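Thanks for coming, everyone. Let me put the structure up, and then we'll walk through it.

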Amino acid sequence: MTFDRSPTAAVARDAGTPGDGVAELFRVHHLALVRLALLMLGDRAGAEDVVQDVYARLHRRRRAVPDVPDELLAYARASVLNACRTLLRRRALMSRLVQAPDPVWSAENDVLIADDRRRVLQALLKLPPRQREAIVLRYYLDLSEAEIAAAMGVRRGTVKSTVARGLNALGERYQEER
Amino acid sequence: MTRLTDDLVRAALRDGAGTVDRDGLRPLAAPARSRRRWVIPACAAVTAAAAAVAAVFAVPHQRGEPEMSLASYVGARYVVDGAWPTGGKELTISEVSTDRIVGRVPAPAGSSGFIDAAGTGDNRTFLLTTADARACRTYFYRLTLRGNGTPEGLTALPSATVPGRQGDGPDQLAAAPGGGRLAYSTVGCGAGKPQGHITVVDVATGVRHEVGLPRGAQAEDLRWAPDGRRLTFRLAADGWDGWQMNLFDLATGARTPISLGPAGSSFEIGQITPDGGHLVAIVSTGGERRIVWYSLTSLAVTHQVSLGAGPANVPMIAGAGTDDVVFAIGDRFYRVRGTKVESKRVRNDGTTGIW
């Protein structure tokens, strides 16, 4: 997988600070992290908010985060997933009061995606968050089982079973979307 | 209809992710770094079911001094930082007054790194965890600091080992005052729907007590009362309408759900007062927040102070001083002493670490 390298104003400024790996990480991987959050949440504003929040938290703790870029990226991914999980949980709790935003790829939004792919994405959002994470990490980021385990905070064996269950569930939801 | 194949899943995810591109990406806002002067907050509207007083004060920030943080607000001298859900390889110990790192504690060799940390109340003794994901076990350690903040020792506490992995959410580990007892929130390691658990462990003897939780519920924001006997936490589960505050009494083994407001209210954090008489909590009703005092004797809300309107999900952190309860809501701190509330606006990035 390749990552976008578009700098943003804030991180471009901060990246000038010696040793500020967090700013550099977000300068390089901002778009990729937003896309990861987008696949978990479905809505763009929520995804951008999550990544902004993770950036702020990691920046505050930048003295204590891993200084090896790969480890820091893995940590940032795990943080984004954790933040998405929290947001999804809050949305589930608030669902009786507040309508969750339409997914960016829903038919109501003017986004060009082939119908069968759109149905996959709709089905994805109906999976439990853990299965959704496993599917996204495996099939979007192409991470290894060890990397997925680290990002999700589970055992490698759990990754295998979660991906398998997720795929089965995704297939069932996909059929329901027709 | 097209059969669901690996290629179709990959293509769909790629297309879905591609709906956001670099051109439309909202730039990241710079984290707050500038020093702020103390400001006098707008007059807080005060409503009281019974008598309550909100005292507001303003202290100018002195140029050149370390910025105000939640740790300094509660009187802590040192902050321990670096325990992470994915395993911090090293803890740092910082002096609050100077923001200077005075010590570092590497994670035990071969371990996952430090997952969780909690202070025991004296600002010199801390409980830490590491995890073995393969064995689905959480291990505990005691860190002690010298008077100057440098690490004195890291001691494994093998008798305190608990099954499960760290649960989701903040404050999964709580150390009772003095550090003789801990409570840890975990979830199972299987692929199915995770079930939450709270394990209370006597650190010296290893004697443990499982707190029975409703099916599917998970706990967070664990906090001990000053007596080290009662534990507060909040529960959530899929399908529940909001959070449920709970009080666990180790002496009786009873877990008691607590109602803190009318229907439609949600509470966001709570802590028992130093005298042990009340649970102080933030409650939201219709977008308005208030601090409520829930009597643990009469089992009813006896006082409340309005904090005005605010968004429903602003993160909050609580900390306890020696004789008070402190909340942080965004960049504003609230100190609760008795029924008095002091409020102060501070920088927004001084709330990490534990003390």
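Which residues does A:M40 touch, not counting residues up to four places away in sequence? They are A:L81, A:C84, A:R132, A:E133 and A:V136. By touching I mean contact: two residues whose C-beta atoms, placed from the backbone, lie within 7 Å.

Some ground rules. This is a predicted model, where local features need pLDDT of at least 70, side-chain atom pairs count only at pLDDT 80 or more, and totals for chains, interfaces and linings use all residues. Residues are numbered from 1 along each chain as its sequence is written, while chains are lettered from A and ligands numbered from 1 in the order in which they are written.

Back to A:M40. This residue is found in helix α2 of chain A, residues 21-41. Helices here are DSSP runs of H or I with at least four residues, strands are runs of E with at least two, and both are numbered from the N terminus. Is A:M40 buried or exposed? A:M40 counts as buried, because it has 23 C-beta neighbours inside 10 Å. The cut-offs: buried takes 20 or more other C-beta atoms within 10 Å of the residue's own, exposed takes 12 or fewer, and partly exposed is in between, with C-beta atoms placed from the backbone. A:M40 and A:L124 are 84 residues apart in sequence, yet their C-alpha atoms are 8.5 Å apart in space.

Now the whole of chain A. Its secondary structure comes to 8 helices and 0 strands. Of its 178 residues, 51% are buried. Take the contacts in chain A with a separation of 6 or more: 61% of them join residues 24 or more positions apart.

Next, α8(A). This helix covers residues 156-176, 21 residues in total. From first C-alpha to last, α8(A) reaches 30 Å, close to the 30 Å expected at 1.5 Å a residue. That expected span is 1.5 Å times one less than the number of residues. Which residues of α8(A) are buried? They are A:T158, A:V159, A:T162, A:V163, A:G166, A:L170 and A:Y174. They sit on the same side of α8(A), because they cover an arc of only 125° around the axis. The arc is taken over the directions from the helix axis to the C-beta atoms. These buried residues pack against α5 (115-124), α6 (129-139) and α7 (145-152) of chain A.

Look at α6(A) against α8(A). Their axes are 8 Å apart, at an angle of about 100°. The two helices are therefore roughly perpendicular. Axes are lines fitted to C-alpha atoms, for helices over the stretch in contact, and angles run from 0 to 180 degrees between N-to-C directions. Roughly perpendicular covers 65 to 115 degrees.

And α5(A)? Of its 10 residues, 8 are buried, so α5(A) is mostly covered by the definition above. What covers those buried residues includes α6 and α8 of chain A, together with α1 (6-17) of chain B.

That brings us to chain B. Chain B has 2 helices and 26 strands. Buried residues make up 42% of its 355 residues. B:E342 counts as partly exposed, because it has 16 C-beta neighbours inside 10 Å. Its C-alpha lies 9.3 Å from that of B:V326, 16 residues apart along the chain.

Notes. Angles under 35 degrees count as roughly parallel, over 145 as roughly antiparallel, 65 to 115 as roughly perpendicular and the rest as oblique.
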